[in-house]
Amino acid sequence: MLCRDITGIAKTDRDILPKNRFIIMKGITILIVKNNSGFIRSILAFSQAVIDTAIYWFSFSIIMTFWLSGREPREFSFETRAFFTGTMLAVFYFNSLYDFRNWILWDELKAILKSAALILLVIVLYLYSQKFNMSRFIIASGILIFVPLCLTARYAFRRIFFALGILSTNIIILGAGRTGEIFAEKIIEHPFTACKVVGFLDDDESKQEKLIAGFPVLGRLDEFERIYSEHRIDEAAVAISTASRNLLTHILDMVEFHVRQVHYIPDMYMLTTFSASIRDVDGMPVISASQGLLNPLNRFIKGIMDYTGALVALIIFSPVMLWAAWRIKREDGGPALFIQERVGWKVKKFKVYKFRTMYTDADKRTEELFKDPKILADYQKGIKLKHDPRLTKIGALLRRTSIDELPQIFNVLRGEMSLVGPRPLMQKDVDFAYGDYIARKIYTVKPGMTGFWQVSGRSDIDTEIRREMNLYYIRNWSLWLDIVILMKTVHAVISKKGAY
């Protein structure tokens, strides 16, 4: 696997290191790449290419079965098939889809989508140049079917071989601080990485033999060679944000001839963004970060996606919304909708729509509940109660399934909210969770029906982490990030984790 973010190393540093090294350092990642193109990985790459080809033609077969009753276009000669197949394999190869380098499933999807768009363009130009009358609909539809099938197969392929121990990568983390802990948690959250954390090394005596993120601290940094001999270590990650240049050089000297890659994770979690770019200014690496939503064009694109998505969602979920309104009215005869003033874009108040999930006298019950200091503390931790006695029977179901949020589609259509963004809160909750200064930062964007922290644990995420995640989303915004959050929202709703 290869890390994507790499920069150069200063010439003076190269001079003091052995000449037979190939070291590239680039701002946020140190990468040592050794010749590790083993026979097994070559076989796996070949197998993946065969599977991709089979799925590719299966996708076209589905379209031809339903569109042409199973008849193939006469232009589908051997030469045309060979060109189609060669185009797909070549584009996938040059987009590194046979290197198993993507750690995150969403990165794999992004690479496949980019490749699919290029494949479609090349094939259409080929058909035009050959003056073939083959339906472009067949080609485009085949590609659309191919993308999800290919991603699913690749996920299964990697998981199967990871379970067999063939594609697995044993990684040791140098540094058992918060940065190292976050990195380990990310690996756990994303099994597509095919990584296994062996443990940590850290010079802090108080951390020895303790568990960090469920993994043991195996010893001190200088014990690397012993740990390496006891465990099959493939890669190492340096997660020591305060490491000096001398310490980093020492670590590289110690690990470079043992592992195939070394990754450096700096304490730049909030700075490292989707919109960050690394450039070379006459030999000096420069990291530039920009907030995408300050660009009027990006805001316009996000707005178009909001309106289009809201209209589609309204059509799809109208039956569910009608059912929910009927069930609420049937249970206690009260109003189906709950309208509440909340803080939104530019810290301005607006009325947010939700299906009512509490009893009609919820305000009175709230006063009684919050007389209990423990209940008040639980509420302030996540601005929600895990076992809320104010919920009606149908209200609890609507909360667990997030159906109660569906009326906010109308807030999106009115331009008051976005599909993705920080959640709108009541003023008292904004004062408690954010304060005026942070609130003005967070609400520089429209509040959303879903957001970054909602797909990362929902109500199980405490207030402080929500604040950081909201800021991270704003600094990191990209259209692709919004798409990923929307897709992950579906999984979060189905899993019901943190829903109450």
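These legends describe close-up views of helix packing and a cavity in a predicted model.

Local features need pLDDT of at least 70, side-chain atom pairs count only at pLDDT 80 or more, and totals for chains, interfaces and linings use all residues. Residues are numbered from 1 along each chain as its sequence is written, and side-chain values use heavy atoms, with hydrogens and water left out.

**View 1. Packing of helix α9 (residues 296–332) against helix α17 (residues 479–495).** Helices are DSSP runs of H or I, at least four residues, numbered from the N terminus. The axes of α9 and α17 lie 11 Å apart, at an angle of about 25 degrees. α9 is therefore roughly parallel to α17 (angles under 35 degrees count as roughly parallel, over 145 as roughly antiparallel, 65 to 115 as roughly perpendicular and the rest as oblique). Axes are lines fitted to C-alpha atoms over the stretch in contact, and angles run from 0 to 180 degrees between N-to-C directions. The crossing is right-handed (near helix turned clockwise from the far one by less than a right angle; anticlockwise is left-handed). Ile301, Lys302 and Met305 of α9 meet Leu479, Asp482, Ile483 and Leu486 of α17. Contact means heavy atoms within 4.5 Å. This α9–α17 contact has 5 nonpolar, no polar and 2 charged residues (Ala, Val, Leu, Ile, Met, Phe, Trp, Tyr, Cys and Pro are nonpolar, Asp, Glu, Lys and Arg charged, and the others, Gly among them, polar).

**View 2. Helix α4 (residues 105–129) crossing α17.** The two axes come within 11 Å and cross at roughly 120 degrees. That angle makes α4 oblique to α17. The crossing is right-handed. On α4, the contact uses Trp106, Leu109, Lys110 and Leu113; on α17, Trp480, Val484, Met487 and Lys488. By class, 6 are nonpolar, none polar and 2 charged.

**View 3. Helix α15 (residues 435–442) against helix α16 (residues 463–476).** Their axes sit 9 Å apart, at about 35 degrees. This crossing is left-handed. Ile438, Lys441 and Ile442 of α15 touch Arg467, Asn470, Leu471, Ile474 and Arg475 of α16. The contact comprises 4 nonpolar, 1 polar and 3 charged residues.

**View 4. The second largest cavity.** The structure holds 2 cavities of 30 Å³ or more. On a 1 Å grid over the protein atoms alone, a cavity is a set of points where a 1.4 Å probe fits but cannot get out; lining residues have an atom within 4 Å of a point. The second largest cavity has about 30 Å³ of space. Volume is the space filled by probe spheres set on the points, which are joined across faces, edges and corners. Gly303, Asp306, Tyr307, Val412, Met417 and Lys446 form the lining. Helix α9 gives the most, with 3 residues. The lining divides into 3 nonpolar, 1 polar and 2 charged residues.

Terms used: 1 Å grid on protein atoms, 1.4 Å probe; cavity = no way out; pocket = protein on both sides within 12 Å on 5 of 7 lines; lining within 4 Å. Helix = DSSP H or I, 4+ residues; strand = E, 2+ residues; numbered from the N terminus.
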